[in-house]
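Welcome! Please take a moment to look over the sequence and the model below, and then we can walk through them together.

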Amino acid sequence: MMTTSNKSFVAIFSFLLLSSMQCHAQLSSTFYDRTCPTALTTIRTSIRQAVSSERRMAASLIRLHFHDCFVQGCDASILLDETPTIVSEKTALPNLGSARGYGIIENAKRELEKTCPGIVSCADILAVAARDASTLVGGPSWTVKLGRRDSTTASHTLAETELPGPFDPLDRIISGFANKGLSTRDMVALSGAHSIGQAQCFLFRDRIYSNGTDIDAGFASTRRRQCPQEDQNGNLAPLDLVTPNQLDNNYYKNLIQRKGLLQSDQVLLSGGSTDSIVTEYSNNPRTFALILLQL
């Protein structure tokens, strides 16, 4: 049985991934039923192959979609390359050297063009890819509404200034999501996507060497093995050591134990307004495992 908190959590997580943010078109789950009836199957096959080859790619595709949606809506602007008239979002600091999965979306588009040339937008491919990636690592599934238009412009500036950062304090994170019409509870739920994926050493080095009261000493010691105080900035570490390839609620359990890898994660349990939400989600083991979701 799906509890009220479970419904809220999964629905909120799906809210952004359903790509309704700043999208004024009339979207429909049946948008391609006549023009490209194999669209969803073709995309699913591409994503399944990609995640099968590299489990981490699931997290990368979800993050790619999130970073697209947070900047001028879910319009695939993050996929645009640099041109004489476009300053690409790919080179913005939150994306540079960390955003991944561009080639996977391109491969899916290439396959679709063989049977449905010029029909399926890259924005829709990215939205469906995020949903399929979620299900492939044990996360929720949902009905994706389709019919987005691809952007012809990008906003490097907005990508630099509006995407949440790994060092952001709680008030800035809350206000950033509020500016997108998302509540504090929404933000905590969406942060649960950090149940999967990896982070580069330079993003959490200060935290694990801080000897602070907000980090478990044993956890910090373990993390230091792959992240020295100097050099090796790009060394990768899983955000969740326990179930690194499973989209579940262990993220919140980690925060309760002071084992959040990024400062912007642990700050969700730091004596502030989000503590009770984190505790609530940590006590619901089926939160991310609920596959049957009707919106």
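Let us begin with Q232, which is partly exposed, with a relative accessible area of 47%; buried means under 20% relative accessible area, exposed over 50%, and partly exposed in between, with a 1.4 Å probe and protein chains only. Q232 sits in the loop between α10 (217-224) and β2 (236-238). Its phi is near 50 degrees, a positive value in a residue other than glycine.

A word on the source: this is a predicted model, where local features need pLDDT of at least 70 and side-chain atom pairs count only at pLDDT 80 or more, while totals for chains, interfaces and linings use all residues. Residues are numbered from 1 along each chain as its sequence is written, and side-chain values use heavy atoms, with hydrogens and water left out.

A76 also has a positive phi, near 65 degrees, and is a residue other than glycine. Most residues other than glycine have a negative phi. Here are the two residues side by side:

Now for the whole chain. It has 13 helices and two strands; these are DSSP runs, numbered from the N terminus, with helices (H or I) of at least four residues and strands (E) of at least two. Of its 295 residues, 50% count as buried. Among contacts (heavy atoms within 4.5 Å) between residues at least 6 apart in sequence, 75% join residues at least 24 apart.

How do helix α2 and helix α5 cross? The axes of α2 (residues 39-53) and α5 (residues 122-136), lines fitted to C-alpha atoms over the stretch in contact, come within 9 Å and cross at roughly 50 degrees. The two helices are therefore oblique to each other, as angles under 35 degrees count as roughly parallel, over 145 as roughly antiparallel, 65 to 115 as roughly perpendicular and the rest as oblique. On the α2 side, the contact is made by L40, I43, R44, I47, R48 and V51, and on the α5 side by I125, V128, A129, R131, D132, A133 and L136.

Finally, turn to helix α9 (residues 201-208), whose buried residues are C201, F204, R205, R207 and I208. Their cover includes β1 (198-200), α10, β2 and α12 (263-266).

Technical notes
Axes fitted to C-alpha atoms, helices over the stretch in contact; angles between N-to-C directions.
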